[in-house]
Amino acid sequence: MSKRVGIEVSIAIAEAVGLARAEVIPAYPITPQTHIVEHLSEMVANGELDAEFVPVESEHAAMSCCCGSSAAGARTFTSSSAQGLSLMSEILYIPSTMRLPMVMVVANRAMSAPISIWNDHQDIMIQRDIGWIQTFAENGQEAVDLTLHAFRVAEDRNVSLPMIVNIDGFTLSHVIEPIELPDQEDVDKYLPPFKPRYKLDPRRPITMGPVGIPEVYTEAKVAHDKAMKKAKRYILKAWNEFEEIFGRKYNPVESYRTEDAEVLLVTMGSISETAMTAVDVMREAGQKVGLLRIRLWRPFPGQEFRKAVGKTKVLAVIDRCLPPGALCGPVGAELRSLFYKIPGAPKIFSFVAGLGGRDVTVERFQEIVDKARQFAKKRPRELYEVIGVREK
Amino acid sequence: MIPEFEKFKGFKAKNLPKDEPLSSGHRACQGCGEVLALRMVMKALGKDVIVCNATGCMEIITSPYPHTAWRVPWIHIAFENAASVASGVESARKILARKGKIPKKHVDILAVGGDGATGDIGLQWISGAMERGHDFVYVCLDNEAYMNTGVQRSGCTPYGAMTTTSPPGKKSFGQVTWKKNVPAIMVAHNIPYVATASPAYFVDLMNKVKKAALVKGPAYVHIYSPCPTGWGSAGERSIEISRLAVETKVFPLYEVIEGRYIISRKITKPKPVTEYFKGQRRFRHLDEDHIAYIQRRVDAEYEKLLRLAEMG
């Protein structure tokens with residue numbers, strides 16, 4: 001039987017990685033990812049998990065080690081944050097086009113400068129185009145479930161892609177929540193052993209990572225793009241199977257009180273919980289407001305998102321990332337692109353909030369909704385607005 | 001003494017393995033001493049090996065898709081990280097063997113990179129892998145500059161040598177720094193086996209690579225690799241130049257077994273360094289003063305090595 005326990009989310013994620021029987025775990029410490037890898041290291045040290053924990057000397061080495069491990073046929077896991085994730089950046093593009101499955105939990109954190117260990121999504125948005133499947137968790141249970149789901153999807157021979165599960169640093173990684181930890185037997189049923197189609201094996205020698213001359217480079221990248229698009233089907237399938245075994249249902253886009261909504265907030269990650277409270281407060285006050293939460297970020301579930309918007313005419317999109325000099329945040333840009341020249345498309349207003357650990361409160365969500373309503377009547381001068389900036 | 005060495009009788013010119021894990025037909029320049037050294041490395045290791053190649057000449061000349069010169073499993077990820085990739089492969093094979101998912105039979109893990117990939121950009125990655133004690137062999141094929149990108153200087157470029165980023169000019173005589181002693185850095189990691197080798201002494205080279213593979217834990221072999229294109233030397237002279245590098249004490253051959261230095265080929269009647277410089281365009285501009293300095297420093301470095309060997 002699965003058990004419901006009060007547990008820190010990072011520890012629960014490590015337990016999930018253990019339940020997934022990860023085999024090689026190269027990791028380098030960075031706040032706020034540390035508790036995940038510390039606990040995994042402890043599990044290996046105590047013999048609770050039969051795995052190789054490789055305490056590498058940098059995140060770049062961690063990702064490089066993951067590539068070697070996955071190519072040799074082992075179930076591979078790592079975790080990182082912010083500066084560490086950026087240090088990996090050169091390598092991140094490689095396992096995805098080389099189709100090397102692995103799972104990474106990113107405890108999202110702001111990027112320097114100024115140095116900040118606190119939460120936002122700037123670290124992962126820099127890595128938007130690395131060609132990994134990416135999901136965002138809202139709470140601890142989801143972090144655990146998405147971690148298991150990630151192994152299932154990444155290693156599916158129809159997919160064979162690396163996968164990132166994003167969890168908000170501190171606001172998710174360091175909180176204690178009641179979480180249902182699945183049964184080993186159920187996890188084994190959900191997650192068959194990793195059997196890659198190709199691996200480094202002297203009995204069947206292959207060459208991996210060759211030179212891509214101009215005659216083949218485009219085709220290699222197109223094959224990767226196709227694989228990402230095709231992956232959506234298997235991502236959904238793996239969520240359906242997850243529901244059958246564990247009873248919890250996951251969708252690429254979640255809707256909350258969207259019926260007859262005039263304004264829909266759009267969020268990713270743990271601020272969605274506050275957003276739901278804000279929606280409840282606003283509904284209580286008679287405002288027709290709902291929430292859409294994007295769980296699957298790459299490949300982007302355009303069809304599902306459009307369907308979830310329905311007839312709502314105003315979207316207030318919240319980015320946890322401020323790309324200086326850009327037209328708006330990455331989620332805002334994605335959605336503007338999705339609805340470009342679509343008849344009856346909603347008006348999309350882009351907001352940036354919650355940078356570097358700044359709280360986004362219920363009041364802030366009310367402010368965002370109020371502004372979106374104003375903008376719908378009178379076009380704003382700027383393409384996005386940063387919420388909660390102190391004047392003094 | 002290393003117990004694994006006891007059963008190894010050593011290669012001799014008469015009993016060289018017939019296997020060619022690295023096929024001919026690759027795209028190396030004529031007279032490339034690096035690919036020749038790599039061929040010897042692979043002959044010494046045989047078929048039960050997984051190769052993790054750093055970006056560089058050897059990577060590009062052997063793997064232009066859809067062709068490959070490799071008859072053994074081979075992976076290339078990036079420039080600086082071959083040792084980390086090898087760490088991953090080694091760790092994976094360890095756990096997979098423990099779980100009975102792959103045969104228990106030993107497979108050598110080879111990481112290979114040039115002098116830039118090893119002594120400059122990849123030093124941290126190699127240091128990490130050595131310190132963690134992975135059972136693998138790292139081979140540095142040292143052609144003394146960034147040849148793949150067009151002959152730029154590296155930390156392993158010898159003093160005075162001309163490269164495209166250490167050009168001699170009115171205010172410069174070429175490379176201003178002495179060659180970085182990468183083998184000594186590896187020795188400082190207290191790994192069980194470090195050696196230098198040269199393709200001119202191919203039996204010695206193969207024996208060293210085999211010993212590096214036999215030893216449990218990390219091992220490092222630094223191989224002198226002539227580059228006619230980058231050095232401005234005649235292709236047919238690569239082996240001759242390799243031999244002169246040893247005979248002039250410029251590139252001494254030695255092993256460091258569990259911290260103990262052993263000179264493989266003691267040079268009692270050294271030739272002057274000018275013999276070595278002859279026919280290498282990269283040294284052509286050097287004046288007498290610089291040559292005299294190099295001779296003094298080469299002698300002094302060799303003395304240091306002898307003293308290390310005497311310490312036993």
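Which residue of β2(B) does Met208(A) stand opposite? Select Met208(A) and the strand β2(B), and the residue opposite Met208(A) turns out to be Ile75(B).

Before going further, note that this is a predicted model, in which local features need a pLDDT of at least 70 and side-chain atom pairs count only at pLDDT 80 or more, while totals for chains, interfaces and linings use all residues. Residues are numbered from 1 along each chain as its sequence is written, and chains are lettered from A and ligands numbered from 1 in the order in which they are written.

Colour chain B by pLDDT, the predictor's confidence in each residue on a scale from 0 to 100; chain B averages 97, and 100% of its residues score at least 70. For the complex, the predictor gives an ipTM of 0.97 and a pTM of 0.98.

**Between the chains**

Strands count as paired if DSSP finds at least two bridges between them, and the elements themselves are DSSP runs numbered from the N terminus, with helices (H or I) of at least four residues and strands (E) of at least two.

Now select the whole contact, where two residues touch if their C-beta atoms, placed from the backbone, lie within 7 Å; 40 residues come from chain B and 38 residues from chain A. On the chain B side, the elements giving two or more residues are β1 (49–53), β2 (74–76), α3 (82–98) and α5 (123–132), and α3(B) gives the most, with 13 residues.

**Within chain A**

Next, colour chain A by domain, using bounds from an automatic or database domain assignment: domain 1 covers 3–246 and domain 2 covers 253–386. Their centres, taken over C-alpha atoms, are separated by 28 Å, and their contact takes 26 residues from domain 1 and 20 residues from domain 2. On the domain 1 side, α8(A) gives the most, with 5 residues.

Finish at helix α3 of chain A, residues 59–71, whose 13 residues reach 18 Å from first C-alpha to last, close to the 18 Å expected at 1.5 Å a residue, the expected span being 1.5 Å times one less than the number of residues. In α3(A), 13 of 13 residues are buried, a residue being buried if 20 or more other C-beta atoms, placed from the backbone, lie within 10 Å of its own. Following α3(A), select Gly73(A), whose phi is positive, near 100 degrees.

Note on methods:
Buried ≥ 20, exposed ≤ 12 C-beta atoms within 10 Å, placed from the backbone.
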